[in-house]
Amino acid sequence: MAAPDWTLGKPLRREWDESQTALRMTVNGKQVQTVVADRLLLCDFLRDNLELKALKVACGEGACGACTIVIDGQPARSCTLLALQAEGAEIFTLEGLNAPEGLDQVQQIFQQQHALQCGYCTPGWLVTVYSMIKRSIHPDSPEVAQYLSGHICRCTGYRNIWTAVRRALGAAMDESAGGEK
Amino acid sequence: MVIPGPGFADILVGAKHALSIRVLHPNVLKDGFECASLVHLSSELQMKPSIFKYVRAETADHAVELLAGADSSARILAGGQSLIPALSARSIKASLLLDIMRCPGLDEVSHAPGEITIGAACRQSRIEFSPVIQGSIPLLCETLSWVAMPQVRSRGTVVGCLAQANPGGEMPVVALALDAEFNILLRGDVRQRMPAGDVYAAEAGARLPAQSLIVSASFRTLTAGEGWGFSEVQLRQGHFALVCCAATLQLDEDGLIRSARIALGGITANPYRAQLAEKALIGESADNDSHFREAARLASEERPWPARSDLHATGSFRSKTAVAAVARALMDARNKCSWKTGGNHGRS
């Protein structure tokens, strides 16, 4: 068995009598192997133990979208999942999806369109936009509204985000069309 | 120091632990808990749900066996999109969570003539985009697009929605409209088939045998030419239904209504079939909208339980809105009555 790539940032805390289970998963392309308390939520595992701080925990019940990550190719909430439910899964957080340095195209468009103010919800939006681009969703598709309804932003109003997301989808489509020629 | 209100408590403790505060705050206001002790309590807890044991069931039989050996607070865990938040908010407690998502066979979609069976581990997004189901039960796919958001449907399951019987849930309504039957597994390999009408016969909650597991749900496929409609009124996209209605219609060659099915949800805690309204429609001309409006009024009035009031809407608002929702679903169904099956529509 290959050694895991990840050294856990912090020792896992648990109550003295609670049940623990072994957990293996791939996070941002790295193998993770550890033992976690059964009741540990995936969002807390990613943030506190793997120190992936891009995802945010806000509502804790799946309504706001700040903790969105990609599990097995699909966007999902990390606050409504136990870490153990993701056993064997391939997980990408924002850290594994965006450009390692500087701003990528989607982030630049968000910046240009003023699609964020405090930025707390932005990592969630970006993960959803990357998933939409991967599914080649057309900027005019009714699915855009469905995906965006999965996020709450308390600062901007949604006009700028809506514009930015559609521009990002359009730009990605142009790019893939250009690549095919 | 006494906490002046929940808003202040949230700021003190931080968003991460707001959930444990939320559970405590009625007591906080009543008994005047000391703030320092609360902060201490939540940082010591570290995790939102209280302690439980998590077990991955190897097979459906194994799950039922474990369930029989556990206390009454043991729960089946499928997608967990409602269960985990409820555990996090500590509005429910569980001693044992039995994850059934890896049981072999439960993630299957199988078809028999006139019927499609969806396994308990089938996620909503998979069913929503399944070409077979889009061809044979488009009503189910359309309704799924109203269930929460894509980021939740990627994990939630169809059967989980049926078992949970949330008053604002859409799946139980479709189950009634499509005569769904629940395939239930009991201890000792005892199998039972229960119609959705029996499961939702009480005013609230799914009435299922104790210590049982729903292994799958079978939905009737739409017949050739059968029209279908779904309409819902919700506070915002992805929110629970204030009211929703699923309807199917069949017309004869003269454009008269041969059969109608109307199921309503949200208005009452459990959904119901509007059988008086269905009967009133039979033999009427489908071109005349006034028949649909009259049936919609009947459907809202014949509810077997009082209309539900909560912080989002009063019962009287729900019963008035239901009239519009039913009329819309029926007219939508009428407009789709030319829907053709396109060959064998999934009957292989």
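In this predicted model, 33 residues of chain A are in contact with 29 residues of chain B. On the chain A side of that contact, strand S4 (74-77) and helix H5 (142-148) each put in at least two residues. S4(A) gives the most, with four residues. Sorted by class, the side of chain A that touches chain B comes out as twelve nonpolar, 13 polar and eight charged residues.

Next, a helix pair within chain A. Two packed helices are described by the angle between their axes and the distance between the axes. For helix H3 (residues 105-112) and helix H4 (residues 122-134) of chain A, the angle is about 130 degrees and the axes sit 11 Å apart. H3(A) is therefore oblique to H4(A), and H3(A) passes H4(A) in a right-handed crossing. From H3(A), the contact takes in Val106(A), Gln107(A) and Phe110(A), while H4(A) brings Thr122(A), Leu126(A), Val129(A) and Tyr130(A). Split by class, the residues of this H3(A)–H4(A) contact are five nonpolar and two polar, with no charged ones.

Over in chain B, three strands make up an open sheet, ordered S1-S3-S2, with parallel pairing. Strand S1 (53-56) and strand S2 (75-77) of chain B are the edge strands, each pairing on one side only. Neighbouring strands of the sheet are turned against each other by 30 degrees on average, direction ignored. S1(B) pairs with strand S3 (residues 96-99) of chain B in the parallel sense, over four bridges. Within S3(B), Leu97(B) is the bridge partner of Tyr54(B).

Technical notes:
Residues numbered from 1 in each chain as written. Chains lettered and ligands numbered in written order. Predicted model: local features only at pLDDT ≥ 70, side-chain atom pairs only at ≥ 80, totals over all residues. Contact = placed C-beta atoms within 7 Å. Nonpolar A, V, L, I, M, F, W, Y, C, P; charged D, E, K, R; others polar. Axes fitted to C-alpha atoms, helices over the stretch in contact; angles between N-to-C directions. Parallel < 35°, antiparallel > 145°, perpendicular 65-115°, else oblique. Left-handed = near helix turned anticlockwise from the far one by under 90°. Pairing = 2+ DSSP bridges.
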